[in-house]
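Q: I've got a new structure on my screen and I'd like to learn how to read its strands, its core and its ligand site. Can you walk me through it?

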Amino acid sequence: MVRENEIRENEVAVTPPAPTDAGLTFIGRISTPWTSRMETPRQGRHDGPVCRIEIFEPWVAALKGIEAFERLEVLYWLDRSRRDLVLQSPASNGKVHGTFSLRTPVRPNPIGTSIVVLEAVEGNVLLVRGLDCLDGTPLLDLKPDRTLFKPIAPPQPGDFQTGDDTPKVHYCQKA
Ligand SMILES: C[S@@+](CC[C@H](N)C(=O)[O-])C[C@H]1O[C@@H](n2cnc3c(N)ncnc32)[C@H](O)[C@@H]1O
């Protein structure tokens, strides 16, 4: 069961580098019915409660056109989670899983993502269903659901590239 920031049997924590938050900007705040992790859904549902996403200035103009999308991808900062576990035991049964094989909020960069249903846009506020975060969670970004979005910019060569039929180059080569 998800609790607060305790460590469970066989879980492994490391000493992480001091967090710098990569210079992210919180662009808004999410209001939800949940104030305890014990009650928050593990994954949001599209028939869940309406939650409120408030966008801060100067980002409100960036909402232009968003009402055209039935569903949005929401990225948020799971600000109250610890960040130092590499092995975790979600079932609290001593069996551990690597952090990157889980969607746990406990991760080095606690980014949460959800696909939500957009119910309404009211000025700088979006009303959505499908979230699973605590009340007051900082908002990182909003994007149209990728399955609904068609690129507006002209196509470029990589868009048509399939398989491995590319020149033999080494990507991300060490210097
Ligand atoms: C399992 S995560 C999933 C988040 C997102 N849907 C994802 O898959 O990336 C959801 C859980 O994170 C926890 N949580 C939600 N908001 C949080 C916050 N602001 N800080 C820390 N933990 C949070 C709650 O326990 C909630 O059940």
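This is a predicted model: local features need pLDDT of at least 70, side-chain atom pairs count only at pLDDT 80 or more; totals for chains, interfaces and linings use all residues.

Q: Okay, which strands make up the open sheet, and in what order?

A: In general, strands of a sheet pair through backbone hydrogen bonds, either parallel or antiparallel. Here, an open sheet of three strands runs in the order 1-5-6, and the pairing is antiparallel. Strand 1 (12–13) and strand 6 (97–98) sit at the edges with a single partner strand each, so one side of each has no neighbour in the sheet.

Q: How many bridges hold strand 1 and strand 5 together?

A: Two bridges, in the antiparallel sense, with strand 5 covering residues 85–88. For a landmark, look at Val 12: its bridge partner in strand 5 is Leu 87.

Q: Now strand 3. Which of its side chains point to one face, and which to the other?

A: The general idea first: in a regular strand the side chains alternate between the two faces of the sheet. Strand 3 (residues 50–55) shows this pattern, with Cys 51, Ile 53 and Ile 55 buried on one face.

Q: Which residues have the most contacts inside the largest nonpolar core?

A: That core has 19 residues, and the ones with the most contacts inside it are Ile 30, Ile 53, Val 74, Tyr 76, Val 128 and Leu 131. Strands 3, 4 (71–77), 7, 8 and 9 (137–144) are the elements that give two or more residues to it. Strand 4 gives the most, with four.

Q: Last one: which residues come nearest to the ligand?

A: Out of 20 residues around the ligand, those are Arg 37, Arg 80, Pro 105, Gly 112 and Cys 133. By type, the shell divides into six nonpolar, eight polar and six charged residues. Strand 7 (residues 111–122) supplies the largest share of the shell, three residues.

Key
Residues are numbered from 1 along each chain as its sequence is written. A residue is buried if 20 or more other C-beta atoms lie within 10 Å of its own, exposed if 12 or fewer, and partly exposed in between; C-beta atoms are placed from the backbone. Two strands pair if DSSP finds at least two bridges between them. A residue is near a molecule or strand if its C-beta atom, placed from the backbone, lies within 6 Å of it. Ala, Val, Leu, Ile, Met, Phe, Trp, Tyr, Cys and Pro count as nonpolar, Asp, Glu, Lys and Arg as charged, and the others, Gly among them, as polar. A nonpolar core is a set of buried Ala, Val, Leu, Ile, Met, Phe, Trp, Tyr and Cys residues joined through C-beta atoms within 7 Å.
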